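Reader: I am new to this one. Could you show it to me and let me ask about the labels?

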Amino acid sequence: MSDVDASVVVPARDEGSRLERTLNSLVAQTFDGRFEVVVVASGERTLAAARAHPIVDRVLIDDSRVGPGRARNRGAAAATGDVLLFTDADTVVPSAWVRRHWRHYATPSVVGVGGPLRPLAGGLAHRVRFRLLSDWWYRVSWPVGFVQQPGSNCSVRRSAFEAVDGFDESLSFLEDTDLSLRLCEAGSVVYDPSCPVRTSVRRHEREGYLPLLLAYLVGYLEYALPGRSPTRDHFS
């Protein structure tokens, strides 16, 4: 039996200095148990940053570039904790992040936890849009069954993750939503609004909020239609 209670998996593609900031936020965790950090990286600078950081227990190389689902699955397979937490290499987590996710698993029926996103930089406009799209939207959609754990702020009970075969690696878009909906068949997936993380706004600034929102709406519709799946290469 592993002496690690929880495992944090961080997929990192060509992140470099941003990954270091993420890892520094994991150093500050106030979790009373034991947790490990597994980084699944590609790119020389990113690999160097992961290998040099003292919080990292294991570094895996992933040059497949087929989307974050594969990287997260590889990290989960190498991890040893009973609870798997996922965040991204452009995200900063608060000091109580592991502890707040972990506490929900004291309830046996809980198989997954998700929390809101906040902008890592930017002004009022970013904060308002994130609050609407990455918090209030979850509060409205989860009670009606449309559960969407964000990949940068989610956790899963390992036994349930394995039972549903983890992330669908064929999806380059909405793979976190897909996992969330399949997890609902194994138990309860909880939304914790008191457990936010701060994440990069670069994609929102590059693509614009409206085009990004429309891309998600199209993805949701494709996901819901029989024989279709989201194919947008959102993570290129």
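Author: The questions below go through some labels given to this predicted model.

Reader: Why is Cys154 called buried?

Author: Buried means under 20% relative accessible area. Cys154 has 2%. So Cys154 is buried.

Reader: What makes Cys184 buried, exposed or partly exposed?

Author: The relative accessible area of Cys184 is 33%. Buried would need under 20%, and exposed over 50%. Cys184 therefore counts as partly exposed.

Reader: What is known about Asp14?

Author: Asp14 is not a glycine, yet its phi is positive, about 50°. Asp14 lies in the loop between β1 (6-13) and α1 (17-27).

Reader: Is Asp14 buried, exposed or partly exposed, and why is that the label?

Author: Its relative accessible area is 42%.

Reader: What makes a set of residues a nonpolar core?

Author: Its residues are buried and nonpolar, and they are joined through side-chain atoms within 4.5 Å. The largest such core here has 30 residues. Val8, Leu19, Leu23 and Val37 are among those with the most contacts inside it. β1 gives the largest share, four residues.

Reader: Where does Cys154 belong?

Author: Cys154 is in a second, separate core of 23 residues. That core also includes Val164, Phe167 and Leu183.

Reader: Why is β6 (110-114) called largely enclosed?

Author: Five of its five residues are buried, so the rest of the structure largely encloses β6.

Reader: How do you know that β6 pairs with other strands?

Author: Pairing needs at least two bridges between two strands. β6 and β9 (residues 188-191) have four, in the parallel sense. β6 and β8 (residues 154-157) have three, and run antiparallel. Both counts meet the cut-off, so both are pairs.

Reader: Which residues are bridge partners there?

Author: Val113 has Val190 of β9 as its partner. Gly114 has Cys154 of β8.

Notes
Residues are numbered from 1 along each chain as its sequence is written. This is a predicted model: local features need pLDDT of at least 70, side-chain atom pairs count only at pLDDT 80 or more; totals for chains, interfaces and linings use all residues. Side-chain values use heavy atoms; hydrogens and water are left out. Helices (H or I, at least four residues) and strands (E, at least two) are DSSP runs, numbered from the N terminus. Buried means under 20% relative accessible area, exposed over 50%, partly exposed in between (1.4 Å probe, protein chains only).
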